[in-house]
Amino acid sequence: MPQSPSPERVIERGTASAVERAATALTVEGLTVTVGGKRSRAVRDVSFSVARGESVGLVGESGSGKSLTCRSVLGVLPPGCEVAGGRVVLTGTTADGSAEGADGAEGGAEGSVELTALTRRQWDGVRGSRLGAVFQDPASYLNPSLTVGRQLAEQLRVTLRLSRDAAHARAVELFTDVGLHHPADVYHQYPHELSGGMLQRVLIAIAISCDPELLIADEATTALDVVVQAEILELLHRLRTDHGLALLLVTHDLAVVAEVCDRILVMYAGEIVEDGPTADVLAAPSHPYTEALLRVASLGTWGRRELDVIPGRPPEAGAELPGCRFADRCAYATAACTAAPVPLHTAGDGHRSRCLRVAEAGSGSEAGTAETSRPATYQEGATV
Ligand SMILES: Nc1ncnc2c1ncn2[C@@H]1O[C@H](COP(=O)(O)OP(=O)(O)OP(=O)(O)O)[C@@H](O)[C@H]1O
(Lines give C-alpha, C1' and ligand atoms only; values in the text may rest on other atoms or scores of the structure.)
Protein backbone atom coordinates (compact mmCIF):
# COMPACT_ATOMS: atom_id res chain seq x y z
CA MET A 1 0.00 0.00 0.00
CA PRO A 2 1.67 3.24 -1.06
CA GLN A 3 1.87 6.17 1.36
CA SER A 4 1.14 8.61 -1.43
CA PRO A 5 -1.18 8.42 -4.45
CA SER A 6 0.11 6.49 -7.45
CA PRO A 7 -1.76 7.57 -10.58
CA GLU A 8 0.20 5.15 -12.78
CA ARG A 9 -1.29 2.20 -10.91
CA VAL A 10 -4.73 3.57 -11.59
CA ILE A 11 -4.02 3.88 -15.29
CA GLU A 12 -2.85 0.24 -15.36
CA ARG A 13 -6.01 -0.92 -13.65
CA GLY A 14 -8.66 0.76 -15.74
CA THR A 15 -8.80 3.97 -17.68
CA ALA A 16 -11.67 6.39 -17.61
CA SER A 17 -12.45 5.77 -21.26
CA ALA A 18 -12.80 2.05 -20.58
CA VAL A 19 -15.22 2.59 -17.74
CA GLU A 20 -17.17 5.28 -19.57
CA ARG A 21 -18.17 2.66 -22.13
CA ALA A 22 -19.55 0.42 -19.41
CA ALA A 23 -23.22 0.40 -18.48
CA THR A 24 -24.35 2.50 -15.55
CA ALA A 25 -25.08 0.65 -12.31
CA LEU A 26 -26.05 3.61 -10.11
CA THR A 27 -27.26 7.10 -10.93
CA VAL A 28 -27.59 9.79 -8.27
CA GLU A 29 -29.28 12.98 -9.50
CA GLY A 30 -29.60 16.20 -7.53
CA LEU A 31 -29.56 14.43 -4.16
CA THR A 32 -30.30 16.77 -1.27
CA VAL A 33 -30.38 15.52 2.33
CA THR A 34 -31.59 17.65 5.23
CA VAL A 35 -30.70 17.15 8.91
CA GLY A 36 -32.07 18.28 12.25
CA GLY A 37 -35.10 20.35 13.22
CA LYS A 38 -34.01 23.24 11.03
CA ARG A 39 -33.90 20.95 8.00
CA SER A 40 -30.37 22.14 7.18
CA ARG A 41 -29.06 20.94 3.82
CA ALA A 42 -26.08 18.70 4.70
CA VAL A 43 -25.94 17.17 1.19
CA ARG A 44 -26.63 19.63 -1.63
CA ASP A 45 -27.68 18.74 -5.13
CA VAL A 46 -25.20 15.87 -5.47
CA SER A 47 -25.10 14.10 -8.85
CA PHE A 48 -22.85 11.26 -10.01
CA SER A 49 -23.00 7.79 -11.50
CA VAL A 50 -21.11 4.53 -11.09
CA ALA A 51 -20.72 2.16 -14.02
CA ARG A 52 -20.80 -1.63 -13.76
CA GLY A 53 -17.33 -2.86 -12.86
CA GLU A 54 -16.22 0.68 -12.02
CA SER A 55 -14.73 1.81 -8.73
CA VAL A 56 -15.53 5.34 -7.60
CA GLY A 57 -13.91 6.94 -4.55
CA LEU A 58 -15.83 9.49 -2.49
CA VAL A 59 -13.38 11.63 -0.51
CA GLY A 60 -13.57 14.70 1.69
CA GLU A 61 -12.94 15.75 5.25
CA SER A 62 -15.12 14.80 8.19
CA GLY A 63 -18.63 16.24 7.95
CA SER A 64 -18.54 16.85 4.20
CA GLY A 65 -21.56 14.59 3.60
CA LYS A 66 -19.98 11.35 2.37
CA SER A 67 -21.80 9.04 4.77
CA LEU A 68 -25.18 10.73 4.33
CA THR A 69 -24.79 10.33 0.56
CA CYS A 70 -24.03 6.60 0.92
CA ARG A 71 -26.73 6.06 3.47
CA SER A 72 -29.23 7.70 1.13
CA VAL A 73 -28.27 5.17 -1.55
CA LEU A 74 -28.66 2.33 0.98
CA GLY A 75 -31.94 3.71 2.36
CA VAL A 76 -30.58 3.78 5.91
CA LEU A 77 -30.43 7.47 6.86
CA PRO A 78 -30.17 8.12 10.61
CA PRO A 79 -33.25 9.47 12.43
CA GLY A 80 -33.74 13.18 11.80
CA CYS A 81 -32.16 13.03 8.33
CA GLU A 82 -34.18 12.79 5.14
CA VAL A 83 -33.90 12.92 1.38
CA ALA A 84 -35.42 16.30 0.52
CA GLY A 85 -34.76 16.23 -3.20
CA GLY A 86 -33.31 14.34 -6.12
CA ARG A 87 -33.39 10.65 -6.94
CA VAL A 88 -31.23 7.55 -6.74
CA VAL A 89 -31.65 4.94 -9.46
CA LEU A 90 -30.20 1.44 -9.46
CA THR A 91 -30.03 0.40 -13.08
CA GLY A 92 -31.04 -3.19 -13.68
CA THR A 93 -29.85 -5.59 -16.34
CA THR A 94 -31.87 -7.25 -19.05
CA ALA A 95 -31.70 -10.95 -19.88
CA ASP A 96 -28.81 -10.35 -22.30
CA GLY A 97 -26.84 -8.57 -19.58
CA SER A 98 -27.19 -5.06 -21.05
CA ALA A 99 -28.32 -2.20 -18.82
CA GLU A 100 -31.88 -0.96 -18.69
CA GLY A 101 -32.48 2.74 -18.99
CA ALA A 102 -32.34 4.65 -15.71
CA ASP A 103 -35.83 5.99 -16.21
CA GLY A 104 -36.78 5.59 -12.61
CA ALA A 105 -39.44 3.02 -13.38
CA GLU A 106 -39.88 0.52 -10.62
CA GLY A 107 -38.82 -2.80 -12.07
CA GLY A 108 -38.75 -6.36 -10.81
CA ALA A 109 -35.88 -8.07 -9.03
CA GLU A 110 -33.50 -7.30 -11.91
CA GLY A 111 -35.12 -4.11 -13.23
CA SER A 112 -34.23 -0.45 -13.02
CA VAL A 113 -35.49 0.84 -9.71
CA GLU A 114 -35.76 4.31 -8.18
CA LEU A 115 -34.53 3.70 -4.65
CA THR A 116 -35.74 7.04 -3.30
CA ALA A 117 -39.32 6.03 -4.17
CA LEU A 118 -39.33 2.60 -2.48
CA THR A 119 -41.57 1.69 0.42
CA ARG A 120 -40.00 -0.03 3.42
CA ARG A 121 -41.30 -3.40 2.21
CA GLN A 122 -39.93 -2.92 -1.31
CA TRP A 123 -36.53 -2.14 0.20
CA ASP A 124 -36.32 -5.72 1.49
CA GLY A 125 -36.04 -7.01 -2.07
CA VAL A 126 -33.16 -4.66 -2.85
CA ARG A 127 -30.99 -4.10 0.22
CA GLY A 128 -28.74 -7.09 0.86
CA SER A 129 -29.48 -8.60 -2.55
CA ARG A 130 -28.88 -5.92 -5.19
CA LEU A 131 -26.95 -3.58 -2.89
CA GLY A 132 -24.22 -4.66 -0.47
CA ALA A 133 -22.37 -2.59 2.11
CA VAL A 134 -19.40 -2.86 4.42
CA PHE A 135 -18.52 -0.36 7.13
CA GLN A 136 -15.64 0.58 9.40
CA ASP A 137 -16.43 -1.62 12.41
CA PRO A 138 -17.33 -5.12 11.15
CA ALA A 139 -17.81 -6.58 14.65
CA SER A 140 -20.75 -4.30 15.32
CA TYR A 141 -22.61 -5.72 12.30
CA LEU A 142 -22.28 -9.34 13.47
CA ASN A 143 -24.16 -11.18 16.19
CA PRO A 144 -21.54 -12.09 18.86
CA SER A 145 -23.46 -15.20 19.96
CA LEU A 146 -23.65 -16.91 16.54
CA THR A 147 -20.81 -18.41 14.51
CA VAL A 148 -19.88 -16.33 11.46
CA GLY A 149 -20.70 -19.26 9.16
CA ARG A 150 -24.18 -19.56 10.58
CA GLN A 151 -24.77 -15.83 10.08
CA LEU A 152 -23.80 -16.05 6.42
CA ALA A 153 -25.76 -19.29 5.91
CA GLU A 154 -28.89 -17.72 7.46
CA GLN A 155 -28.64 -14.82 5.01
CA LEU A 156 -28.35 -17.31 2.11
CA ARG A 157 -31.30 -19.34 3.33
CA VAL A 158 -33.55 -16.30 3.73
CA THR A 159 -32.55 -14.38 0.61
CA LEU A 160 -31.78 -17.17 -1.85
CA ARG A 161 -34.01 -19.81 -0.20
CA LEU A 162 -31.16 -22.35 -0.11
CA SER A 163 -31.49 -25.60 1.88
CA ARG A 164 -29.45 -25.94 5.07
CA ASP A 165 -26.78 -28.08 3.35
CA ALA A 166 -26.61 -25.89 0.25
CA ALA A 167 -26.31 -22.74 2.39
CA HIS A 168 -23.47 -24.32 4.39
CA ALA A 169 -21.61 -25.32 1.23
CA ARG A 170 -22.12 -21.92 -0.38
CA ALA A 171 -20.97 -20.12 2.79
CA VAL A 172 -17.70 -22.09 2.76
CA GLU A 173 -17.27 -21.25 -0.94
CA LEU A 174 -17.82 -17.55 -0.25
CA PHE A 175 -15.34 -17.60 2.65
CA THR A 176 -12.84 -19.13 0.25
CA ASP A 177 -13.62 -16.48 -2.36
CA VAL A 178 -12.87 -13.64 0.09
CA GLY A 179 -9.51 -15.19 0.97
CA LEU A 180 -10.20 -16.68 4.41
CA HIS A 181 -7.78 -19.52 5.11
CA HIS A 182 -9.31 -22.78 6.43
CA PRO A 183 -12.81 -21.57 5.50
CA ALA A 184 -14.53 -24.73 6.80
CA ASP A 185 -13.04 -24.07 10.25
CA VAL A 186 -13.75 -20.34 10.15
CA TYR A 187 -17.40 -21.24 9.53
CA HIS A 188 -17.63 -22.54 13.11
CA GLN A 189 -15.87 -19.59 14.76
CA TYR A 190 -17.48 -16.75 16.69
CA PRO A 191 -16.77 -13.10 15.83
CA HIS A 192 -14.57 -12.57 18.93
CA GLU A 193 -12.26 -15.35 17.72
CA LEU A 194 -11.40 -13.52 14.48
CA SER A 195 -9.06 -10.59 13.77
CA GLY A 196 -10.33 -7.27 12.36
CA GLY A 197 -9.17 -8.19 8.86
CA MET A 198 -10.88 -11.59 9.03
CA LEU A 199 -14.09 -9.99 10.29
CA GLN A 200 -14.03 -7.52 7.40
CA ARG A 201 -13.63 -10.48 4.99
CA VAL A 202 -16.65 -12.16 6.63
CA LEU A 203 -18.67 -8.95 6.20
CA ILE A 204 -17.59 -8.72 2.56
CA ALA A 205 -18.64 -12.37 2.04
CA ILE A 206 -22.06 -11.54 3.50
CA ALA A 207 -22.29 -8.35 1.39
CA ILE A 208 -21.55 -10.17 -1.89
CA SER A 209 -23.44 -13.38 -1.05
CA CYS A 210 -26.44 -12.47 -3.20
CA ASP A 211 -24.34 -11.18 -6.07
CA PRO A 212 -25.19 -7.46 -5.70
CA GLU A 213 -24.78 -4.94 -8.52
CA LEU A 214 -23.26 -2.30 -6.23
CA LEU A 215 -21.04 -2.59 -3.17
CA ILE A 216 -20.62 0.42 -0.89
CA ALA A 217 -17.52 0.38 1.30
CA ASP A 218 -17.77 3.21 3.86
CA GLU A 219 -14.37 3.63 5.56
CA ALA A 220 -14.12 -0.17 5.40
CA THR A 221 -10.34 -0.24 5.72
CA THR A 222 -9.82 2.77 7.99
CA ALA A 223 -9.39 0.82 11.25
CA LEU A 224 -7.06 -1.82 9.77
CA ASP A 225 -3.27 -1.75 9.79
CA VAL A 226 -1.63 -0.94 6.45
CA VAL A 227 -0.81 -4.53 5.49
CA VAL A 228 -4.35 -5.81 6.15
CA GLN A 229 -5.76 -2.67 4.53
CA ALA A 230 -3.80 -3.43 1.36
CA GLU A 231 -5.10 -7.02 1.37
CA ILE A 232 -8.73 -5.90 1.73
CA LEU A 233 -8.29 -3.32 -1.06
CA GLU A 234 -6.82 -6.02 -3.29
CA LEU A 235 -9.81 -8.22 -2.47
CA LEU A 236 -12.28 -5.44 -3.36
CA HIS A 237 -10.43 -4.86 -6.62
CA ARG A 238 -10.56 -8.57 -7.48
CA LEU A 239 -14.25 -8.87 -6.60
CA ARG A 240 -15.26 -6.02 -8.85
CA THR A 241 -13.20 -7.45 -11.69
CA ASP A 242 -14.45 -11.02 -11.21
CA HIS A 243 -18.10 -10.15 -10.48
CA GLY A 244 -18.51 -6.94 -12.54
CA LEU A 245 -19.40 -5.26 -9.26
CA ALA A 246 -19.73 -1.48 -9.13
CA LEU A 247 -17.84 -0.15 -6.10
CA LEU A 248 -18.47 3.11 -4.23
CA LEU A 249 -15.62 3.56 -1.79
CA VAL A 250 -15.82 6.21 0.92
CA THR A 251 -12.54 7.17 2.50
CA HIS A 252 -10.47 9.95 4.01
CA ASP A 253 -7.38 8.46 2.42
CA LEU A 254 -6.35 9.56 -1.07
CA ALA A 255 -3.76 6.76 -1.19
CA VAL A 256 -6.63 4.26 -0.93
CA VAL A 257 -8.45 5.94 -3.81
CA ALA A 258 -5.27 5.98 -5.89
CA GLU A 259 -4.91 2.26 -5.30
CA VAL A 260 -8.35 1.04 -6.32
CA CYS A 261 -10.54 3.75 -7.87
CA ASP A 262 -11.11 4.65 -11.51
CA ARG A 263 -12.75 7.92 -10.61
CA ILE A 264 -12.73 10.37 -7.67
CA LEU A 265 -15.57 12.48 -6.31
CA VAL A 266 -14.35 15.17 -3.92
CA MET A 267 -16.95 16.50 -1.46
CA TYR A 268 -16.70 19.71 0.50
CA ALA A 269 -19.37 21.11 2.85
CA GLY A 270 -22.13 18.98 1.32
CA GLU A 271 -21.26 19.55 -2.35
CA ILE A 272 -19.23 17.75 -4.97
CA VAL A 273 -16.43 20.18 -5.80
CA GLU A 274 -14.44 18.00 -8.18
CA ASP A 275 -15.19 14.82 -10.12
CA GLY A 276 -12.91 13.12 -12.62
CA PRO A 277 -10.70 10.17 -13.59
CA THR A 278 -8.39 9.37 -10.67
CA ALA A 279 -5.17 9.74 -12.64
CA ASP A 280 -6.24 13.16 -14.00
CA VAL A 281 -7.41 14.51 -10.65
CA LEU A 282 -4.27 13.36 -8.85
CA ALA A 283 -1.94 14.65 -11.55
CA ALA A 284 -3.71 17.99 -12.06
CA PRO A 285 -6.38 18.87 -9.47
CA SER A 286 -8.84 21.46 -10.76
CA HIS A 287 -10.19 22.67 -7.44
CA PRO A 288 -8.08 24.39 -4.75
CA TYR A 289 -9.59 22.11 -2.07
CA THR A 290 -8.48 18.98 -3.92
CA GLU A 291 -5.10 20.53 -4.43
CA ALA A 292 -4.83 21.13 -0.70
CA LEU A 293 -5.96 17.58 0.10
CA LEU A 294 -3.30 16.21 -2.20
CA ARG A 295 -0.65 18.21 -0.45
CA VAL A 296 -1.83 16.88 2.91
CA ALA A 297 -2.02 13.33 1.56
CA SER A 298 1.60 13.56 0.53
CA LEU A 299 2.42 14.20 4.20
CA GLY A 300 1.00 10.77 4.95
CA THR A 301 -1.57 11.35 7.68
CA TRP A 302 -4.27 13.35 6.04
CA GLY A 303 -6.98 12.81 8.64
CA ARG A 304 -4.98 14.31 11.50
CA ARG A 305 -3.04 17.06 9.76
CA GLU A 306 -5.69 18.34 7.41
CA LEU A 307 -6.81 21.31 9.49
CA ASP A 308 -3.20 22.31 10.17
CA VAL A 309 -2.53 22.56 6.47
CA ILE A 310 -5.76 24.09 5.19
CA PRO A 311 -6.37 27.19 7.32
CA GLY A 312 -9.92 27.88 8.48
CA ARG A 313 -12.87 25.58 8.89
CA PRO A 314 -15.66 24.42 6.60
CA PRO A 315 -18.99 26.24 6.98
CA GLU A 316 -21.53 24.69 9.38
CA ALA A 317 -23.60 21.93 7.81
CA GLY A 318 -26.57 23.68 6.27
CA ALA A 319 -25.08 27.21 6.31
CA GLU A 320 -26.52 29.06 3.33
CA LEU A 321 -23.83 31.08 1.54
CA PRO A 322 -24.31 33.12 -1.63
CA GLY A 323 -21.21 31.78 -3.42
CA CYS A 324 -18.40 29.22 -3.24
CA ARG A 325 -18.44 27.33 0.06
CA PHE A 326 -14.63 27.02 0.09
CA ALA A 327 -13.94 30.70 -0.70
CA ASP A 328 -12.94 31.86 2.78
CA ARG A 329 -10.20 29.19 2.95
CA CYS A 330 -9.04 29.68 -0.61
CA ALA A 331 -5.96 31.69 -1.60
CA TYR A 332 -7.28 32.11 -5.14
CA ALA A 333 -10.72 33.52 -4.21
CA THR A 334 -11.89 36.77 -5.79
CA ALA A 335 -15.01 38.85 -5.14
CA ALA A 336 -16.80 36.99 -7.94
CA CYS A 337 -16.35 33.68 -6.06
CA THR A 338 -18.54 34.80 -3.16
CA ALA A 339 -21.11 36.72 -5.21
CA ALA A 340 -23.16 33.87 -6.68
CA PRO A 341 -23.39 30.05 -6.62
CA VAL A 342 -20.62 28.30 -8.56
CA PRO A 343 -21.83 25.45 -10.79
CA LEU A 344 -19.66 22.49 -11.81
CA HIS A 345 -17.55 23.50 -14.82
CA THR A 346 -15.93 21.26 -17.37
CA ALA A 347 -12.25 20.91 -16.50
CA GLY A 348 -11.24 18.26 -19.04
CA ASP A 349 -12.48 14.98 -20.47
CA GLY A 350 -14.93 13.58 -17.89
CA HIS A 351 -13.51 16.03 -15.36
CA ARG A 352 -15.59 18.70 -13.59
CA SER A 353 -14.71 21.33 -11.02
CA ARG A 354 -16.83 23.71 -8.95
CA CYS A 355 -14.27 26.52 -9.29
CA LEU A 356 -14.93 29.80 -11.03
CA ARG A 357 -11.23 30.31 -11.69
CA VAL A 358 -11.17 27.13 -13.79
CA ALA A 359 -14.05 28.48 -15.84
CA GLU A 360 -12.31 31.85 -16.10
CA ALA A 361 -9.38 30.17 -17.77
CA GLY A 362 -11.43 29.36 -20.81
CA SER A 363 -14.30 26.92 -20.36
CA GLY A 364 -17.96 27.42 -19.59
CA SER A 365 -20.15 25.59 -17.13
CA GLU A 366 -21.19 21.95 -17.69
CA ALA A 367 -22.93 23.13 -20.80
CA GLY A 368 -19.69 24.62 -22.10
CA THR A 369 -17.60 22.87 -24.69
CA ALA A 370 -14.05 24.18 -24.52
CA GLU A 371 -11.26 22.39 -22.65
CA THR A 372 -9.77 24.41 -19.81
CA SER A 373 -6.41 24.97 -18.32
CA ARG A 374 -6.09 25.86 -14.65
CA PRO A 375 -5.59 29.47 -13.58
CA ALA A 376 -1.97 30.53 -13.53
CA THR A 377 -2.06 30.75 -9.74
CA TYR A 378 -2.80 26.98 -9.46
CA GLN A 379 0.21 26.21 -11.58
CA GLU A 380 2.40 28.45 -9.47
CA GLY A 381 1.50 26.26 -6.51
CA ALA A 382 0.43 29.05 -4.14
CA THR A 383 -0.33 27.93 -0.60
CA VAL A 384 -3.98 27.33 0.21
N1 LIG B 1 -28.15 12.30 12.50
C2 LIG B 1 -27.71 13.52 12.23
N3 LIG B 1 -28.30 14.61 12.79
C4 LIG B 1 -27.86 15.86 12.54
N5 LIG B 1 -26.81 16.13 11.71
C6 LIG B 1 -26.20 15.10 11.12
C7 LIG B 1 -26.61 13.75 11.35
N8 LIG B 1 -25.80 12.94 10.61
C9 LIG B 1 -24.92 13.75 9.98
N10 LIG B 1 -25.17 15.04 10.28
C11 LIG B 1 -24.42 16.21 9.80
O12 LIG B 1 -24.39 16.18 8.39
C13 LIG B 1 -23.09 16.56 7.93
C14 LIG B 1 -22.56 15.46 7.01
O15 LIG B 1 -22.33 14.29 7.81
P16 LIG B 1 -21.69 12.95 7.22
O17 LIG B 1 -21.73 11.95 8.32
O18 LIG B 1 -22.35 12.59 5.95
O19 LIG B 1 -20.20 13.42 6.93
P20 LIG B 1 -18.95 12.54 6.48
O21 LIG B 1 -18.32 13.26 5.35
O22 LIG B 1 -19.36 11.15 6.23
O23 LIG B 1 -18.04 12.62 7.76
P24 LIG B 1 -17.13 11.46 8.42
O25 LIG B 1 -15.99 11.28 7.49
O26 LIG B 1 -16.71 12.06 9.73
O27 LIG B 1 -17.99 10.26 8.57
C28 LIG B 1 -22.24 16.81 9.16
O29 LIG B 1 -22.20 18.19 9.43
C30 LIG B 1 -22.97 16.11 10.25
O31 LIG B 1 -22.77 16.74 11.50
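The expected span of a helix is 1.5 Å times one less than its number of residues. Helices (H or I, at least four residues) and strands (E, at least two) are DSSP runs, numbered from the N terminus. The model is a predicted one: local features need pLDDT of at least 70, side-chain atom pairs count only at pLDDT 80 or more, and totals for chains, interfaces and linings use all residues. Residue numbers start from 1 along each chain as its sequence is written.

**View 1. Helix α9 and its buried side.** The 18 residues of α9 should span 26 Å at 1.5 Å a residue, and the 25 Å between its end C-alpha atoms agrees with this. Buried here means that 20 or more other C-beta atoms, placed from the backbone, lie within 10 Å of a residue's own; 12 or fewer make it exposed, and anything in between partly exposed. The buried residues of α9 are Q229, I232, L233, L236 and R240. They lie on the same side of α9, because they cover an arc of only 100 degrees around the axis, the arc being that of the directions from the helix axis to the C-beta atoms. The exposed residues V227 and D242 sit on the face turned away from the buried side of α9. G244, with a positive phi near 65 degrees, follows α9.

**View 2. Helix α8 and its cover.** Of the 13 residues of α8, 12 are buried, among them M198, L199 and I208. The cover over these buried residues includes β6 (131–134), α5, α6 (164–177), β7 (214–218) and α9 (226–243).

**View 3. Helix α5 against helix α8.** The axes of α5 (residues 148–160) and α8 (residues 196–208) come within 9 Å and cross at roughly 10 degrees; axes are lines fitted to C-alpha atoms, for helices over the stretch in contact, and angles run from 0 to 180 degrees between N-to-C directions. α5 is therefore roughly parallel to α8, a term for angles under 35 degrees. V148, Q151, L152 and Q155 of α5 make the contact with V202, A205 and I206 of α8, where contact means C-beta atoms, placed from the backbone, within 7 Å.

**View 4. Two loop residues with positive phi.** Most residues other than glycine have a negative phi. R39 has a positive phi of about 55 degrees and lies in the loop between β1 (24–35) and β2 (40–51). A269, with a phi near 50 degrees, is in the loop between β9 (263–268) and β10 (271–277). R39 counts as partly exposed because it has 13 C-beta neighbours inside 10 Å, whereas A269 has 24 and so counts as buried.

Note on methods:
Parallel < 35°, antiparallel > 145°, perpendicular 65-115°, else oblique. Contact = placed C-beta atoms within 7 Å.
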